[in-house]
Structure formats: C-alpha cells, structure tokens
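Please look over the sequence and the structure shown here before reading on. The briefing that follows takes up a few residues, one topic at a time.

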Amino acid sequence: MYPPELVKPMIEDLTSVGFQELKTIEAVDKAIKKNGTMLVMVNSVCGCAAGMARPAVKESLKNNKKPDYLVTVFAGVDKEATQKMREYMFPFPPSSPSIALFKDGELVHMLERHHIEGRPAEIIADNLKEAYDEFC
C-alpha cells in the first residue's frame, strides 16, 4: 500500500478532470451497471501512468464524442476495487496502468500496459478517440 500523500497528486490528476474514484467493490459494481459508456483508468504510480496514460486519457476527452462516465481505480491503493474492476476486464490479465471502455456494462475496448508503455500520449489519445467515435 502506498502512502496517501504519495498518491494524492496522481489521483487528483484524474479527478480534477471529472473522473470518479472508485474505492470499494460496491462502487465498482454500481458503476459497471450504468447504461451508457464508461471509461475506466486503472491508475498506477509507475512512470508510464504519469508520462503516458494519464496525459492520454485527459487529451482523449478533447473529442466530439466521449464517454458518459469517467472512473478510476488505483492499483496498489484500492486493492479490492481494482481486483473487482479487473474481473470485469476479463479475459485481459491484470495490467497497470490500463484503460478500458465499457458500453452498457460490456467491455468494448481495452488498452493494456504494453499498449501504453513506450508510446507517446498523443498516439494513445488518438486510439481512445477512435474508440469513442465508434462506441459513444
């Protein structure tokens, strides 16, 4: 478990642009049952979350079409909520960071760590925008 003062800025990086932090299994279950589209960011303390994933999801929201809901779980912090969210991401293995798009509770687009690591945030954002255009 990471100290709260360490992860607070990493959480606020997403909540400041409208992401809701899901901290419990119940919150994850409630969120996944909503109708519409939902972007999920599995946040992390790693450098690729800071340098690529979080900037990419923020940039991706500069699009005509975008998800109805924005949520985040934090790997290594909200362990139970993260594990529950990862169950909904099956068959993809656990990956931090990762970004998923759900439509009416069904996983329709997934970016695992290996899709994020080493790629510019702009490329990741473009990938997400294409998914929004298709599913949102």
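The points below, which concern a predicted model, are grouped by residue and surroundings.

**A residue in helix α5**
- Ile116 belongs to helix α5, which covers residues 113–116, and with a relative accessible area of 0% this residue is buried, because buried means under 20% relative accessible area.
- Leaving out residues up to four places away in sequence, Ile116 touches Cys48, Met52, Ala53, Pro97, Ser98, Ile99, Leu111 and Ile124.

**A residue in a loop**
- Asp78 sits in the loop that runs between strand β3 (69–74) and helix α4 (79–88).
- The relative accessibility of Asp78 is 6%, so this residue also counts as buried.
- When neighbours within four places in sequence are set aside, Asp78 is in contact with Glu21, Leu22 and Lys23.

- Glu122, Asp126, Glu130 and Asp133 together form a negative surface patch.
- Asp126, one of the patch members, is located in helix α6, which is made up of residues 121–135.
- With a relative accessible area of 39%, Asp126 is partly exposed, because that term is used for values between the limit for buried, under 20%, and the limit for exposed, over 50%.

Terms used:
Residues are numbered from 1 along each chain as its sequence is written. This is a predicted model: local features need pLDDT of at least 70, side-chain atom pairs count only at pLDDT 80 or more; totals for chains, interfaces and linings use all residues. Side-chain values use heavy atoms; hydrogens and water are left out. Patches are made of residues with over 30% relative accessible area and no salt bridge: like charges are joined within 9 Å, nonpolar side chains (Val, Leu, Ile, Met, Phe, Trp, Tyr) within 5 Å. Accessible areas come from the Shrake-Rupley method with a 1.4 Å probe; for residues, only the protein chains shown count as cover. A salt bridge is a side-chain nitrogen of Lys or Arg within 4 Å of a carboxyl oxygen of Asp or Glu. Lys and Arg count as positive and Asp and Glu as negative; His and the chain ends are not counted. The place of a charge is taken as NZ of Lys, CZ of Arg, CG of Asp or CD of Glu. Helices (H or I, at least four residues) and strands (E, at least two) are DSSP runs, numbered from the N terminus. Buried means under 20% relative accessible area, exposed over 50%, partly exposed in between (1.4 Å probe, protein chains only). Contact means heavy atoms within 4.5 Å.
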